[in-house]
Amino acid sequence: MKFKLINLLYLLTISLFITACSNDDDGGEPSVTVERSAVIENYSNLVYQSYLDSYNGAVSLQTAIDVFIETPTDANFTAAKTAWLAARDFYGQTEAFREANGPIDTENESWSLGTEGQLNAWPIDESYIDYVATGTETYAGSFTSIISDTSVTIDEATLASLNEETTDKSISTGWHAIEFLLWGQDNTTPSEDLPGQRDYTDYTIADDADRRAEYLEAATDLLVSDLNALTTTWAPNGDYRTVFEALDEDVALKQFINGAFFIAGDELSSERIIAPVDSTDGIDGLGQEDEHSCFSDNTHQDIWANAQGVYNVVFGSYGSISGDSFYDLVKANDEEQAQKLKDAADEAMEKVNAIANNAEPFDYLITLESSTDANFGVVMQSVVALQDWADEISASAITVGISL
Amino acid sequence: MTHKIILFFVLTLSFFNCSNDDYEPIAEAEYEEGEELLTGALGVNSTSSNAFGFEISGLSFVQQAEFASGNSLFNQTWVSSPASTTARDGLGPTFNARACATCHFKDGRGQAFINGEDSSGFLVRLSSPGQDSNGDALPVLGYGTQLQDRANNGIDFEAKIVATYETITGTYADGTPYELLKPIYSFSQESFGSLAGVLMSPRVAQQTIGLGLISALPDDEITKFADEADADNDGISGRANYVYNYDLNEQDLGKYGWKANAPTLKQQVAGALHGDMGLTTSLFSETNCPSPQQDCEDAINGGEPEVTDEQLDKILFYQAHLAVPNRRNYKEENVLKGKVLFTSLNCIGCHAINQKTGTDAASEYLENITIKPYSDFLLHDMGEDLADNRPDFLATGTEWRTQPLWGIGLISTVNSHTNLLHDGRAANIEEAILWHGGEAETIKENFKNLSAEDRENLISFVNSL
């Protein structure tokens, strides 16, 4: 009974609100007012939940790796790889929170973490970490990869320091370093549709097996700890969450939608798709390993996750999180533009899914296309759709008074 | 006394201005239509930290894709060989940076050297006295013509750099004192023999905007400013550097670099890939391992060449099409006053404007554009305090190429510092002006004679570029 009463009151309030708002229209359908503060709050919830899921995925990966190192069997090695793939899907969606002046890729604020490079830099410097192709163990030994250089103590702090030097570029930590330690170099041809073929005996009988295990553990611990820091700072009342929610509403909105704009229009479409398509070097001169998850052949899934992350931000929806969104705000101001935004988003997701669900792996698909083709294949079609989507995000931002 | 000097100076300035403008009593600080567009319609309106990273407008989808690929090759780290990412391996064995963007962060400016830290956009050129048959600098045994202070695993880096500082003090005419820090560089941990006494030149990375437009300048659009014997008696000469074109095997006018020692964008970029990152190209195809660096020589390379011609072309396309930001605050009174001073002090004598690109350009967009780079791209004697005393083709140890000023006011936004001049020794624009000597000595003295307000106005104008 109590609940019903509250619901009734709630309905009444909403009705009043709608009536009040109808003044703003030019005689058309009464529209619902969307409060910027609600959009921002929902975004904060979404970011927190996304990082939390990513963190939990990384903890599962950590557990699987600990089991494997304790009991290094082929089955446990496979389980660790499966855990990496599962965790990666969560992380990929969080990339839409980059380039939003947030903690992950800023350096100079008290709340800055600046850990993007440490978490996800690519390409990694494989021979800086370990031996690479079979037959290069001696080479790695005489040129002292971190694993073969027994004078280096392998722990989280050392890896973090060896990774960064004074540049902002990473080379030896994060998702792809762990991926390399699990799969090894992918020296198979694309048509074989196989990832890297590292043998689990690299952790049992091979040279430096113990140090390799230490590296894998330390790199994973660092990943977990970085994701934990991101989760904590975005948690309700967390350091950055507090800073973010205190921003001028337009600034907050601009920052977060800029992140979505950047991933769709630049990082994913250009850096992660056009660049590998256009790369002409590589095995057999085909450049097929110029792809982000080149050891595990998981790039198709990375692409889906990055695009899905943008979708989450635009529509304010992720898992159990749902609330007022950027899209809702656009719709309240300009229904026509909102429709364009929705159509572009759906089109982009359809094209991205054509890569993600393709019978052929990404590293093979990119050998079939060029960015100068007269008619684009599935890969370049996704670029066009993603950039169109970014254009609609930008045009939509203008309708709510924000210039990206 | 001070007042008299200023009064005299103002009168002198007024007189010169009158003589130029026949009937105008004093040059008015007026906005001129379109003066903010330094590259016509090609400029970008941006005041963000990515202000140097935009493409010129109008590129087709395919060209945007080429720009994006070039951007990726410019930004991403190169890794040591052998690697899965074969298109991006071959770094080193010795190097200064892992990516173009390490030095040209966000396509911007490198920082001054800081003792004890690995360089971030700073390097030192080396040579022995004399010239080779191409007129190029002679390498130093064991080190070549550039010091690489980093190396891949298992390889010796060549040496580390050390700086000490000498304080130079001075006073403005109004009594305001100033101090400049003069860096004096030496080396430590030399791996291949002593570097004591070698010729050296410290360099910071320049922002890489507008390079396609400079490429497209016909030689005579640069030499039109040359006045080698100072025939007009304004104290400023200016001459072109003629340097070796390793692509065409001929002497050509030098356009790029602090000493105008690279004739083409291709040579400038291929030289940087080779010298700064240890990457071979078809232009510089030999591994950068000066004898006796045997470990360097024996290391696995990333293919021959490590950067393919197709990749190099994409990097060049990217570099050639980075837009120049349009000016900011160009209608503000202090900026307009500063503009008048910039001309009346004759800063414009070297930091020249109004060159027109020709038809030999990286794309049709860059053709026939009137540009205002605020540089004549010529060599000028800048005095002993700035001298590196290391000749470079025709450039003497005291000569430097005029630095284009376009974009200068956005360096702080893009790179979070205001380090200027060839080694970043000037902490800001004011210090950069005060470092000017040689042909610019009189102009600097005239700047020092300005009131504090006028000095600020001039700096505001430069900041608006």
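Strands here are DSSP runs of E with at least two residues, helices are runs of H or I with at least four, and both are numbered from the N terminus. Before going on, a word on the model: it is predicted, local features need pLDDT of at least 70, side-chain atom pairs count only at pLDDT 80 or more, and totals for chains, interfaces and linings use all residues. Residues are numbered from 1 along each chain as its sequence is written, chains are lettered from A and ligands numbered from 1 in the order in which they are written, and side-chain values use heavy atoms, leaving out hydrogens and water.

Is D136(B) buried or exposed? Its relative accessible area is 19%, so D136(B) counts as buried. The cut-offs are under 20% for buried and over 50% for exposed, with partly exposed in between, using a 1.4 Å probe and protein chains only.

Now for its surroundings. Setting aside neighbours within four places in sequence, D136(B) is in contact with G130(B), Q131(B), Y246(B), D392(B) and F393(B); contact means heavy atoms within 4.5 Å. With Y246(B), the side chain of D136(B) makes a polar contact of 2.6 Å. That term covers a pair of N or O atoms within 3.5 Å; within protein, one must be able to donate a hydrogen and the other to accept it, and residues adjacent in sequence count only if both atoms are side-chain atoms. The C-alpha atom of D136(B) is also 8.9 Å from that of N261(B), although 125 residues separate the two along the chain.

Staying in chain B, look at the hairpin formed by β9(B) and β10(B), with four residues between the strands. In the turn, N249(B) has a positive phi of about 55°. The strands, residues 242-245 and 250-253, pair in the antiparallel sense over four bridges; pairing requires at least two DSSP bridges. Y244(B) stands opposite Q251(B), and V243(B) has D252(B) as its bridge partner.

Over to chain A, with 16 helices and two strands. Of its 404 residues, 54% are buried.

Let's take α11(A), residues 249-278. Its 30 residues should span 44 Å at 1.5 Å a residue, and the end C-alpha atoms are 40 Å apart, which agrees. The expected span is 1.5 Å times one less than the number of residues. Where does α11(A) bend? At I263(A), by about 45°; the bend is the angle between axes fitted to the seven residues ending there and the seven starting there. Because 22 of its 30 residues are buried, α11(A) is largely enclosed by the rest of the structure. At the start of this helix, a side-chain oxygen of D248(A) comes within 3.0 Å of the backbone nitrogen of D250(A).

I263(A) turns up again among the contacts of N306(A), along with G92(A), E95(A), L268(A) and R272(A), neighbours within four places aside. N306(A) belongs to α12, residues 299-315, and its 2% relative accessibility makes N306(A) buried.

G92(A) takes us to α3(A), where G92(A) is one of the buried residues, as are W84(A) and R88(A). The cover over the buried residues of α3(A) includes α2, α9 and α12 of chain A. This helix has 21 residues and reaches 31 Å, close to the expected 30 Å, with a kink of about 25° centred on R88(A).
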